[in-house]
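Try each task before you turn to its solution.

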Amino acid sequence: MSRRGLLLMGQCMPCIKQNASKIRIRRMELDKNLNMYFKKDDFYFAHDPQKVCKTGDVVLIRELPERMTRLITHAVEKVVYPLGDITDPITGKKVVVGKYREDIEMANELFGKSKKSFDYDKAPPRGRLEGTKDFTHGETYIKYHEDGKDQPFAV
């Protein structure tokens, strides 16, 4: 059976490869002795020259017709869910903790909005804190030793 058109959904992980992203595909594997399923992670390197996905994003990847390199076997199709902006996959509505944002807005209209409440419509997109609190954009590298210095981009 041909699997070339197969799409896989996974989470983007920190990667040190140029023009590639490391994607974790989580599957459930059956242990026949215990008759229970356990998590099994498979890692793929996907071609991503524009760096459209950042660490933590949920992305779709597709297998390439032929390998680009020994490790890069897939290509990033699109970012399904960016990190930090939670969307219910069934309804497509935005979610805050356990409630839809629409329901929170309706309750605010009925009972009045608090002065301290967070306004999601005015919130800036992800990436405004790059370099201060968000280090997902930085070039990652392998940490070979502990020297006591802060190494925010080490893997």
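A salt bridge is a side-chain nitrogen of Lys or Arg within 4 Å of a carboxyl oxygen of Asp or Glu. Keep in mind throughout that the structure is a predicted model.

**Exercise 1.** Find which residues are linked with aspartate 42 in a network of salt bridges, and work out whether aspartate 42 is buried or exposed.

*Solution.* Putting the steps together, Arg27, Lys40 and Asp42 are linked in a network of salt bridges.

For the accessibility, recall that buried means under 20% relative accessible area. Aspartate 42 has a value of 16% and is therefore buried, whereas arginine 27, at 31%, is partly exposed, and lysine 40, at 34%, is partly exposed as well.

**Exercise 2.** State how far apart the closest N and O atoms are in the salt bridge between aspartate 119 and lysine 122, and classify lysine 122 as buried or exposed.

*Solution.* The closest N and O atoms of aspartate 119 and lysine 122 are 4.0 Å apart, and the two residues form a salt bridge. Turning to accessibility, lysine 122 has a relative value of 69% and so counts as exposed, while aspartate 119, with 24%, counts as partly exposed. To place this pair in the whole, note that the structure holds 7 salt bridges.

**Exercise 3.** Describe where threonine 91 is found and what the side chain of threonine 91 makes a polar contact with.

*Solution.* First locate the residue: threonine 91 is found in the loop between β5 (72–81) and β6 (95–96). Its relative accessibility is 42%, and therefore threonine 91 counts as partly exposed. Then follow the side chain of threonine 91, which makes a polar contact with the side chain of aspartate 88 at 2.8 Å and also reaches the backbone nitrogen of lysine 93 at 3.4 Å.

Methods: Residues numbered from 1 in each chain as written. Predicted model: local features only at pLDDT ≥ 70, side-chain atom pairs only at ≥ 80, totals over all residues. Heavy atoms only, no water. Helix = DSSP H or I, 4+ residues; strand = E, 2+ residues; numbered from the N terminus. Buried < 20%, exposed > 50% of the residue type's maximum accessible area, 1.4 Å probe, protein only. Polar contact = N/O pair within 3.5 Å; in protein donor to acceptor, adjacent residues only side chain to side chain.
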